[in-house]
Structures are given as C-alpha cells and as structure tokens.
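Trainee: Hi! Could you walk me through this structure, please?

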Amino acid sequence: MKKITLIFLFLSITTAHAQIRGFSEKGNGLINLERHQFTINLLGPGIRYELGLFKNVSASTSFTPAFARYQEGYALGFAWHTRIRYYHNFQERLDVNKNTVGNSANYFGPARSIFWEPVQFTDNISDGNSNYAFAFYGGVYGVQRTNRKGFNFNGEIGYGYFRGDGLDNGHGFMVNLNFGWVATKRKSTKPTFD
C-alpha cells in the first residue's frame, strides 16, 4: 500500500508542479479542454466519460477492453478504468496548426483499472479459480485523437502495482486501446469575438 501511495503522491506533485509553472499553456480556465466528453467505444463495446476539471487536467472513467501482464500471467478483457489526465501538449499542437478538438493531445497521470474474471476474454492466471479479480495502480502515458466528425482513438500504456483478490500481488504493465465516437458536442474551432 505504501508503494501505491508513493506513486500517486509523486504523480500528483509532478502534475501540480507542471501546472504551477505553466508547463504548456498560459491563462486560466479550460482553454482547449472539453468540459464534458462522452465516448462510445466501437471496437469491443464500451463507454468512457471525461470531465474537464481545470486547465489541461481531466478525470475520466470507462468500461472498455484492456490487456494486463504481470508475474501471475496475463488477462485480456473488460476492465473498469479511472484516470486523472494531464494533457501536456495542447499549445505545441496549436502552434503547428494541429487539431485539439475533443481533447486531441498526449497525456500522463495516475491510473487505476480493475479486472474481473467473468468479463475476461482470455487469461492464464486463473488456475481453475473463477472468482478472481485484480486491480492495477500506477501511471499511464496516453495519446488521444478526435477528428472533426467525432471519431476518437485513445491508446495508453502504463506500468504499476497489481493487487490481486484470489491472486498474488505483483507489478507489470497494462495496455488500453480504444476506437470510438464522441457523442457529446465538441468545442468549435472557429474564433469567437467578445
């Protein structure tokens, strides 16, 4: 538990420090970040909701397929994910006239994902035990792109601590790839004048 607390504390301090120093943007408020974004996953059904909290920081929750691998083995199937995302390159993308609609940027942050045996497609960690679950606690780095029509790609990879229920604990990595459609209205890219 101390490792999880230290990892979360480190990522939180890093995010706060970057925010204070104006790592990538100037000003206040949700400059490029969508306030609300609801995405329907098209490959392997699933959903994701992302809430813009403040400049470049959002919180998201989703139920989508993912792959996890640690000492006990691997699992591929559905998981419940929660994330705090710090988008670090909005300004760089704008400077070269790239799309930032629908939170189209790269991010990093603390993550948690929970895997349950009944919703796994395949695994090699059950050993005949059909009542297992495990959770991933760690950090992720991700890429999210949304085109103007709302089609969304989100890919992330992370490394962290796995805590098992009916399994041994350990450490390893997790991969999460999603292709979907953003069902909420996206910010306009046309300039507005006050």
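Mentor: Happy to. One term to begin with: a nonpolar core is a set of buried Ala, Val, Leu, Ile, Met, Phe, Trp, Tyr and Cys residues joined through side-chain atoms within 4.5 Å. Buried means under 20% relative accessible area, exposed means over 50%, and partly exposed is in between (1.4 Å probe, protein chains only). Here the largest nonpolar core has 20 residues, and Phe115 and Phe134 have the most contacts inside it.

Trainee: Which elements give two or more residues to this core?

Mentor: Strand E3 (57-70), strand E4 (73-87), strand E5 (105-123) and strand E6 (133-146) do. E5 gives the most, with 4 residues. Helices (H or I, at least four residues) and strands (E, at least two) are DSSP runs, numbered from the N terminus.

Trainee: Before we go on, what sort of model is this?

Mentor: This is a predicted model, in which local features need pLDDT of at least 70 and side-chain atom pairs count only at pLDDT 80 or more, while totals for chains, interfaces and linings use all residues. Residues are numbered from 1 along each chain as its sequence is written, and side-chain values use heavy atoms, with hydrogens and water left out.

Trainee: Good to know. How many helices and strands does the protein chain have?

Mentor: The chain has 2 helices and 8 strands. Starting at the N terminus, the order is α-β-β-β-β-α-β-β-β-β. Of the 194 residues, 46% are buried.

Trainee: Back to Phe115. What does Phe115 touch?

Mentor: Leaving out residues up to four places away in sequence, Phe115 touches Ala66, Ala68, Gly77, Phe78, Ala79, Gln120, Ala133, Phe134 and Met174. Contact means heavy atoms within 4.5 Å. Across the chain, 63% of the contacts with a separation of 6 or more are between residues 24 or more positions apart.

Trainee: I keep seeing aromatic residues. How many aromatic pairs are there?

Mentor: The count comes to 14 aromatic pairs. Rings of Phe, Tyr and Trp (its six-membered ring) pair if their centres lie within 6.5 Å; planes under 30 degrees apart count as stacked, over 60 as edge-to-face and the rest as tilted. One of the pairs is Phe67 with Phe173, which is tilted, at 6.1 Å centre to centre and 50° between the planes. Phe67 is in strand E3 and Phe173 in strand E8, so this pair ties together parts that are 106 residues apart in sequence.

Trainee: Which residues form the aromatic cluster?

Mentor: Tyr70, Phe115, Tyr132, Phe134, Phe136 and Phe162 form one aromatic cluster.

Trainee: New topic: charges. How many salt bridges does the structure hold?

Mentor: There are 2. A salt bridge is a side-chain nitrogen of Lys or Arg within 4 Å of a carboxyl oxygen of Asp or Glu. Glu50 and Arg85 form one, at 3.5 Å from N to O. Glu50 is in strand E2 (residues 46-54) and Arg85 in strand E4, so parts that are 35 residues apart in sequence are tied together. Glu50 and Arg85 are both buried.

Trainee: And which residue pairs with Arg83?

Mentor: That is Glu156, with the closest N and O atoms 2.6 Å apart. Arg83 is in strand E4 and Glu156 in strand E7, so this pair ties together parts 73 residues apart in sequence. Arg83 and Glu156 are both buried as well.

Trainee: Last one: where does Ser104 lie?

Mentor: Ser104 is in the loop between helix H2 (90-95) and E5. Ser104 is buried, with a relative accessible area of 1%. Setting aside neighbours within four places in sequence, Ser104 is in contact with Phe90, Arg93, Asn99, Gln144, Arg145 and Thr146. Ser104 and Thr146 are 42 residues apart along the chain, and their C-alpha atoms are separated by 5.6 Å.
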